[in-house]
Amino acid sequence: MSYKSDTKILFKNIDRDDSHKLAVYQGNGGYQAVLKAYGMQPVEVIDEVKRGGVRGRGGAGFPAGLKWSFIPKDDPRPKYLVCNADEGEPGTCKDRDIIRYDPHLLIEGMAIAAYSVNATRGYIYIRGEFYREAEVLQGAIDEAYAAGILGDNCHGKGIRFDLAVHRGAGAYVCGEETGLIESLEGKKGQPRLKPPFPANIGLYGCPTVINNVETLASVPDIIANGGDWYAGLGVENSSGTKLFSVSGHVNKPGNYEVELGIPMKMLLEEYAGGVRGGWDNLKGVIPGGCSMPVLTADICETVTMDYDALAKSGSYLGSGAVIVMDKSVCIVKAIRRLSQFYRHESCGQCSPCREGTGWISKIMDRLESGKGTPDDIDLLLNVCDNIQGKTICALGDAAAMPVRGAIQAFREEFEYHVEHGRCMVG
Amino acid sequence: MRQIQKDPNAGTFQFSETALGEIEKIYARYPAAQRRSALMPILHLAQREFGGWLSQEALDFVAEFTGIAQIRVYEVATFYTMYNLEPVGKYHVQVCTNISCWLCDSDGVMASLNGKLKQEFGTTSDDGRFTLVEVECLGACVNAPMMQINDDYYENLTPEKVSDIIDRLP
């Protein structure tokens, strides 16, 4: 049983043998969409993507076409296109599959995006640990150059587009777009204040479009089939298909491509093999990567996987990383682990985040080890208040939201830890 | 806090011919006026060339080689955790213990490595063969638990598989 049309855009090729090779990609219609785009006016390409309504798949959900339209047209500076492949949000591992199984899909999406904003140079910023994935990507780029798809005369149309891979070196904060740009410039990946936005002052002080891998990989099909076709997939405000990385306590963890709007229960039960021990054994789900608040089982029963429904339920779609926890999980322990992560990854630039993530982590350690006091729970909320909305980038919010969400949904477990000095479960 | 350290045994540094060729290619990726963008790739390369870690002497060499101020090189090297600021073993074993791996028993993976190698996390074995570390999410969450050994991922691990993988390392 599958949800709606079972249309595959991002994973349409990944089951083919040698799906990463140019010949296979072209043998299945690859690089036809970019040729179509080259026959259109750049603004028409942007309009088509706008009509499709694809929203940023990295976590922020900003409409891609709109982002592209912000690039100034009569501006003498060079324009840049950057792909964010710094996939680091815990629970998320979807971009990796696009890169290693269908790198040409990404390259084609980037070629189209670059053409639409008149960018002649693009970079794929890939997390440093994805060493083998970067090799696959480089191999695909080399193939594309050799075939005249990239370079100074793309497809013989007199269009220039150079593309290179740039490896990160282990900093979660570089997934934030301006941190990434700093890093690409050879600096510490400390995010910039916005505005100015990258569309005006981005890489090397020039107008820059920066999109996630999955967003860019959606573009060839939008151009090939039209924005209206794409907008017909999914639900209102959440068009298209999405990759969900389902991990944790399910019987068949994996990356699944489905239309947005799928009921979470269906995603877990029909696609991911069901919750370990059965649906009734479900405790909670983090629906969009570890920076998002956890949802309780009763919300999971009815919520649908789209931007609006998840926001209404008290969490977010984020990167589409669905982290499933069964009843054996101690929420306090889980949050403690996440708070260590944010403490480790805070870039140290903003005091509320640098100090606050340390505080949260320390208090969580205390609670988890049974040394917490009754005031600690409210102290945690107080620290969250002092981080959220008070930092340059969203890492601070990301550190606070899961803590706040967990206290809201599972306060009794925190209280149990304080009173009994141990987990409520197990 | 990640600190830079001196290497009392540091000799003189020199990139190999292959590395120099690679560096040419790296520079070509960026606009001529933006050579600083090459710093991270060159540091990756330097780490491979100079024994798997970057001592202060190695960083100073990179600074001189690239014409980038030492302090800028230090900043970058200390900011990014993949630049090793102390020697690591022949096999750099990094176990993810973040949420998805933790839910899928990364504790078991760690225990298996502890038992197998008789070594604590955060240490390098006396024979220089293994460095064991716990790391943050490596982005293979649907195949949890997982670990990385040097450039390669090992996924869908069980304690038995871990033991097997270690046995098969050359």
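Student: At what angle do the axes of helix α16 and helix α17 of chain A cross, and within what distance do they come?

Tutor: The axes of α16 (residues 376-387) and α17 (residues 395-420) of chain A cross at roughly 170 degrees and come within 9 Å. Axes are lines fitted to C-alpha atoms over the stretch in contact, and angles run from 0 to 180 degrees between N-to-C directions. This is a predicted model: local features need pLDDT of at least 70, side-chain atom pairs need 80 or more, and totals for chains, interfaces and linings use all residues. Residues are numbered from 1 along each chain, chains are lettered from A, and side-chain values use heavy atoms, without hydrogens and water.

Student: Why are α16(A) and α17(A) called roughly antiparallel?

Tutor: Angles over 145 degrees count as roughly antiparallel. The crossing is roughly 170 degrees, so α16(A) and α17(A) are roughly antiparallel to each other.

Student: What makes the pair F341(A) and Y342(A) edge-to-face?

Tutor: Ring centres must lie within 6.5 Å to pair, and planes over 60 degrees apart count as edge-to-face. Here the centres are 5.0 Å apart and the planes at 70 degrees, so the pair is edge-to-face.

Student: How do you know whether F341(A) is buried or exposed?

Tutor: Buried means under 20% relative accessible area, exposed over 50%, with a 1.4 Å probe and protein chains only. F341(A) has 1%, so F341(A) counts as buried. Y342(A) is also at 1%, hence buried.

Student: What makes R35(B) sit over the ring of Y27(B)?

Tutor: CZ of Arg must be within 6 Å of the ring centre and within 35 degrees of the ring normal. The charged end of R35(B) is 3.8 Å from the centre of the Y27(B) ring and sits over it.

Notes: Helices (H or I, at least four residues) and strands (E, at least two) are DSSP runs, numbered from the N terminus. Angles under 35 degrees count as roughly parallel, over 145 as roughly antiparallel, 65 to 115 as roughly perpendicular and the rest as oblique. Rings of Phe, Tyr and Trp (its six-membered ring) pair if their centres lie within 6.5 Å; planes under 30 degrees apart count as stacked, over 60 as edge-to-face and the rest as tilted.
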